Amino acid sequence: MPRGGKKKKGRNRNNTKRRDLRPTNNDGQPTKNSVKGSTAKAPFNHNGATDGITPNFDAFQQSGKALPNSYRTVYSRYKAATKRVFEYMQANSPEKNHIPREQIFVSSLVTTADWMVESRIPVDPDILKDLKFAIRVRSKVARSVYGGGDSGHKYLLDVLIYCWKNLDSLPRAEKDIIREGKEELDTNGEGPSSNRFEALLEVTGEDEGDDDDMDEEIFPSDDVPRPTLHAEAVPLQDLLDSDERNDAIMFLLALDDLMRCVVEKYRAVSRYVDYIVQEGMCGSVIVPSLMGAAIATNMAIHQVRRLEIEFELHNPHISTPYRLLSTIILPERVKQVIQITREHGQKVCSVRDANLFLGDCLECSFRSPADPENRGSVIVSDFCSRFGVDGKGSEDIDKILFELQWLVKGEVPLRSELAIMEKTNITSHGWIAMSYIGGDRAIHHTIRLMQWFGSFAKETEKGKHFNVVPGFFGSSPWQPGRSHKIHTDLDELLMAEILPKLIYLCRDGVLSDKCTDLPRQNAIAPLWSCLRRFARSPEKPVRWSTAFAVHAILTSILETDKITAQVAVVCEKTFNSYFEQLDMACEYKKGVDGVFDSTHFQSHLRVVQYLKELGHPFYEPRARWNPLCAGTNFLYLTYFGNITVGTALIDDRSQLKIVLHLYHALIVNDILKSGDIPLLDWLLDGFENSRTFWGGPLPRKGKFVEQFWLGMRGSFRVAEKVMADVSRLDDTQLSNKNHLEMIEMLCRNEASVTTRLDPAEFSTSFRRICNRDYHDVVDKYHSKKMKQEGSGQDGYAFAVQLNDTSQAFVKEHGLFAFNLPALGVHLDEFVCGMSRFFKWDQLFKGTSLHDQNPRLQHPERIAEEYMFAHYVLGKLDQVMDPSELGRIKDFVTLFMCPFFEKLSNHARGFIWFQIAGWDIP
């Protein structure tokens, strides 16, 4: 059991210095109504994919929706900010009455800025913020490897920087002065103060424009030269309509940032494993680190899904990765296609039409030639028919398609194409020149492999195994410890082992549509959701979010390549140990006097045991237990199995509430001190923030009984009756009929149903991950400059949410290490032993408590709850002289401390993974 640790600041429950038992770490909801039963589906067995039966999950579905995502996307925000600046400056232009509002040109900004400076016109501070936001976003694109777009967009950025430099020197307008046109702008919901991330920023009361530490490159302190005005007027709306290339670059930059987070997390895992081996620790110490990395990765996958939707909302025509790549890398080919249609066609295609055509050509080149969905044989003829292109033009366009096919083979070559492409001058994996999704980690290489596998999966009948020819995509069998890049080195592993088993898992296994959907899987494991979507329609173009999820799996393997086999063995053993502990606990309780099996317990237990199918040995170890999939399995087992369902099982018969209310009251009365029973300290720390559990805040002396009953039943009326009974009875009246009358009343009362715990009350990380609740997140890690630079950008919000969630997880993983259902059996044994020690069982022996409420399977526990509140908590509430607590002290010395000391010596029966610093016998 864990022992020792650092001192914790603050005071404990008995107002003395408290010792924190939580060691340092290097890395770092059931419904409220009881379940009356379970309507299990018929046994499910598809070629050995799963052996269990699907339980009834209805009682564990989410009771409420996650917080709404009612915000504007970054794509609309930076465009709207640019447009507001234009309209504001036009409204303040000396020629505003002579220029129609729909004819706003970029060059007019420069003229208006000069006039405002000469006239010393006070500037609206909100417009400066709009300017800064638009410049920041557009500068991020301009500084990318793609050069920030065409000359028109570069011209616009130069003009915006010039305007900001000049307007920033002007006096600020008073807040109560409403600028012309502002009311009209705000009615569209795009006012400059509408910032999705304002809740994440600390209010300092200072103007952002007064920050002397501003990025010199974007916002220079020296004078900015006046841009040379273009001879041809450039309408603003034309530039905004052609911003799709900027949007595409921003999207890829966001993916690269998110994948960088994944890389850093798994590099930390690799370093931590080295430390574990060096220190000779137990292998399961790696589990919290894997779970922490899986939290970050699944949050990143969720973010990519959101970014993907946002991007398509504003660019609905760029609906595939191929069209996005075409928008970025094929601008010259676009010009060629337009020129061909101009010279040889009846209609001239637009830039958008040419982009879409070339993107679809890329898709044909990415697909297998044998793919029935491959339109390579008809795509040129369809395009030429649409635009009336003659034979000569058709030949030219067909040549472009042929060149693209070779370009794709050179960019993302398969093993069979490497030898041929080595003879050409085409450089591979250069389209996305980014550190984490390009080059040796090219995500579009993964997209091509997935598109090939999708064709194969579509042709394979459901229920059949995927028979992949070994060695087609790389050396077979794949050997760990030899991989240095994702493409080529991991192709065989992905295509021969990982994808076949994961897609089979999603089509015919526990994650398939044939089984009941696992509750909360979209929140806890977006990885599974992406894989399931791919398995349902593998023939469709691969989605960015799905490609990101699979690419993250490969990244986790690449970063832990030397220890992948070791991690897989430890993860499988740890996962299985959880269910072995459940089996042992169920077997153990059969021999414990007073501990009963209930329908409620069995139905809940069946739900947890069903999760064992996630680790079914049918699936390849590298598919089940690669670092990301293993961490995700542990996450789901923890947050749904162990926390959501487990809290119902550990308090199945109120045993957790009785034990912790007792321990807390003993500490307040100085009979015990924090640290005397480390196991209970951990549980107390884990549940101390649940007001439902405690009936309010942690109770003080005089409130023990009242808050115990409020926590048990949630009823003030029942609590008042028990309090009145406690005040007039003493412990010499064991046979007093008033006891039985009160117990019978409790059994009859509908409030006898115990209040169930909501994990979101005591687990911040659960609330963040499962409920997507970030309303109270505070940024503790970013400087003022970083907050200003990140304001309004998705990456900043993601970083703040991830930091807060990770910190909460590190604080709570000590509680997660306990197998709560298994531990609940032992706590139930303790309550039964307490009843025998105080001879409460003699009071209701031979009574007809069952007749009071036929729905109650074990009304004896309600009697024990009442006697506990009366004789133990009542005494600890009222007695001021410790010498009058002799019987309770005897109980603590003779039964309670020996019981938990013995239990701690057998901690391997309910601790399923270790935490660094714990000493588990």
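Visitor: At what angle do helix α20 and helix α23 pack?
Guide: In this predicted model, helix α20 (residues 564-589) and helix α23 (residues 627-650) pack at an angle of about 15 degrees, and their axes are 10 Å apart. Axes are lines fitted to C-alpha atoms, for helices over the stretch in contact, and angles run from 0 to 180 degrees between N-to-C directions. Helices are DSSP runs of H or I with at least four residues, numbered from the N terminus.

Visitor: Which residues of α20 and α23 make the contact?
Guide: On α20 they are Cys571, Thr574, Phe575, Tyr578 and Phe579, and on α23 they are Ala630, Asn633, Phe634, Leu637, Gly641 and Asn642. Contact means heavy atoms within 4.5 Å.

Visitor: Turning to Tyr636, is that residue buried or exposed?
Guide: Tyr636, which lies in helix α23, has 0% relative accessibility and therefore counts as buried. Buried means under 20% relative accessible area, exposed over 50%, and partly exposed in between (1.4 Å probe, protein chains only).

Visitor: And what is Tyr636 in contact with?
Guide: Neighbours within four places in sequence aside, its contacts include Leu518, Pro519, Trp528 and Leu611. The C-alpha atoms of Tyr636 and Leu518 are separated by 9.5 Å, although the two residues are 118 apart along the chain.

Visitor: How many disulfides are there?
Guide: A search of the whole structure finds zero disulfides, a disulfide being a pair of cysteine sulfur atoms within 2.5 Å.

Visitor: Anything to know about the numbering and values?
Guide: Residues are numbered from 1 along each chain as its sequence is written, and side-chain values use heavy atoms, leaving out hydrogens and water. Local features need pLDDT of at least 70, side-chain atom pairs count only at pLDDT 80 or more, and totals for chains, interfaces and linings use all residues.

Technical notes: Helix = DSSP H or I, 4+ residues; strand = E, 2+ residues; numbered from the N terminus.
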